[in-house]
Structure formats: C-alpha cells, structure tokens
Amino acid sequence: MASTSLFVSRDALSELVRPALSGVGVELLDARPVQEPEQLSELRVAWWGNDVEVQAQPYSLPVGVQENYQHVLTLLSLPVDGDVDVLTAQADLLELMDLVFDLVQANRSLLTTATGDGWDVRISWDGFSQVSSKLERPPGFGAMVEVRIGVEATRCS
C-alpha cells in the first residue's frame with residue numbers, strides 16, 4: 001500500500017488526460033517547461049503543477065486515512081503567426097478546458113481500492129484561474145488557464 005495517494009492519483013489523471021489532449025494536438029508535460037512560453041515550439045501545451053499541499057487526517061474508522069488536495073493542470077495557448085486578439089486566444093483554451101471538464105465529470109470516481117494501490121480516489125472540478133497577455137514572439141495574445149482538480153482520497157487498513 002502506498003503511504004499517500006498523491007502520486008497514484010496523478011498517474012491515473014495523466015493516463016486519463018494525456019490521450020485526450022494528444023488527440024487534439026496538445027502535449028502533456030510532467031512539469032512546467034524550462035523555456036519561456038515564447039521559446040516553446042508547440043503553440044498549445046499542458047503541464048502538471050508540482051507544488052501540492054496534501055491535508056491528511058485520521059479517517060472516521062480506527063485504521064485509515066483521508067487526504068484532500070488539488071492537482072493543478074496548466075493549459076497554455078500561444079498565438080499562431082500573425083496578430084491574434086485576446087478573444088481568439090481565450091476561445092482556443094476553451095476547447096481544452098471543456099475537454100478536461102468533461103473528463104473530470106465523467107470520471108469522478110477515479111480509482112477504487114482494487115485499482116488504486118489501496119486508495120479510493122474521487123475527483124472534482126474545483127475551478128480555474130485564467131490570464132491572457134500580449135506577446136512579442138509569436139505576435140499576438142497568448143492565454144493560460146490553471147485548472148484545479150480536487151482530490152479526496154481514502155484508505156482503510
């Protein structure tokens with residue numbers, strides 16, 4: 001049994017999200033790219049945030065634990081050649097957000113004890129943060145969204 005659900009749930013989320021994003025031409029990275037956005041060769045990219053605070057508390061049973069935290073998935077859309085306005089950049093991201101939202105809603109029970117290394121994991125759409133900004137290279141507006149996926153994991157020993 002794993003001592004935390006954090007890595008098990010992220011692996012399961014990656015297995016869920018990666019093929020869907022890949023299907024629309026978006027690479028899912030395991031961490032933030034080292035390059036600045038303007039230096040990326042891909043115009044659309046996604047990555048997992050690696051700064052997660054896990055809150056663990058004794059479960060209501062004598063032996064067990066409950067963990068609560070959020071996985072943050074960043075979606076970035078950079079402008080194609082030419083001047084892209086802010087509404088176009090945001091509309092491009094909306095397609096990706098809708099895709100992730102639908103996946104989370106359809107897979108709320110992400111893992112069960114049988115598949116989750118002893119953990120039952122439930123996920124929820126916990127909102128997002130969005131920012132758009134004007135870029136010099138490539139010219140036009142880029143947009144970025146940080147999607148928050150809530151996790152509640154329980155394990156009984």
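1. Let's start at Thr4, which sits in the segment before α1; helices here are DSSP runs of H or I with at least four residues, strands are runs of E with at least two, and both are numbered from the N terminus. The side chain of Thr4 makes a polar contact with the side chain of Glu67 at 3.1 Å, and it also reaches the backbone nitrogen of Leu6 at 3.3 Å. (A polar contact is a pair of N or O atoms within 3.5 Å; within protein, one must be able to donate a hydrogen and the other to accept it, and residues adjacent in sequence count only if both atoms are side-chain atoms.) Leaving aside neighbours within four places in sequence, Thr4 is in contact with Glu67 and Trp119, where contact means heavy atoms within 4.5 Å.

2. A word on what you are looking at: this is a predicted model, in which local features need pLDDT of at least 70 and side-chain atom pairs count only at pLDDT 80 or more, while totals for chains, interfaces and linings use all residues. Residues are numbered from 1 along each chain as its sequence is written, and side-chain values use heavy atoms, with hydrogens and water left out.

3. Now the overall layout. The protein has 2 helices and 7 strands, and from the N terminus on they run α-β-β-β-β-α-β-β-β. Of the contacts between residues at least 6 apart in sequence, 65% join residues at least 24 apart. Buried residues make up 41% of the 157 residues; buried means under 20% relative accessible area, exposed means over 50%, and partly exposed is in between (1.4 Å probe, protein chains only). The protein exposes about 8400 Å², with carbon and sulfur atoms supplying 52% of that; these areas come from the Shrake-Rupley method with a 1.4 Å probe, and for residues only the protein chains shown count as cover.

4. Next, the inside. The largest nonpolar core has 36 residues, and those with the most contacts inside it are Leu73, Leu75, Leu110, Val121, Ile123 and Ile149. (Such a core is a set of buried Ala, Val, Leu, Ile, Met, Phe, Trp, Tyr and Cys residues joined through side-chain atoms within 4.5 Å.) The elements giving two or more residues to this core are α1 (6-23), β2 (44-48), β4 (64-77), α2, β5 (109-111), β6 and β7 (140-156). The largest share, 8 residues, comes from α1. There is also a second, separate core of 5 residues, including Leu29, Val45, Trp47 and Leu76. In soluble globular proteins, nonpolar side chains tend to be buried together.

5. The buried residues in α2 are Ala89, Leu93, Leu96, Met97, Val100, Leu103 and Val104. An α-helix has 3.6 residues a turn, so residues three or four places apart point the same way.

6. The structure holds 1 aromatic pair. The ring centres of Phe101 and Trp125 are 5.1 Å apart and their planes are at 80°, so this pair is edge-to-face. (Rings of Phe, Tyr and Trp, the last by its six-membered ring, pair if their centres lie within 6.5 Å; planes under 30 degrees apart count as stacked, over 60 as edge-to-face and the rest as tilted.) Because Phe101 is in helix α2 (residues 86-106) and Trp125 in strand β6 (residues 120-135), the pair ties together parts that are 24 residues apart in sequence. Phe101 is partly exposed at 32% relative accessibility, and Trp125 is partly exposed at 21%.

7. His71, in strand β4, is worth a click. It is buried, with a relative accessible area of 1%, and its side chain makes a polar contact with the side chain of Ser9 at 2.9 Å. Beyond its neighbours within four places in sequence, His71 is in contact with several residues, among them Leu6, Trp48, Val147 and Ile149.

8. Last stop, strand β7. Val147 lies there and is buried at 0% relative accessibility. The C-alpha atoms of Val147 and Gly127 are 6.2 Å apart, though the two residues are 20 apart in sequence. Gly142 is also in β7 and counts as buried at 6% relative accessibility. Its C-alpha atom is separated by 9.2 Å from that of Leu43, 99 residues away along the chain.
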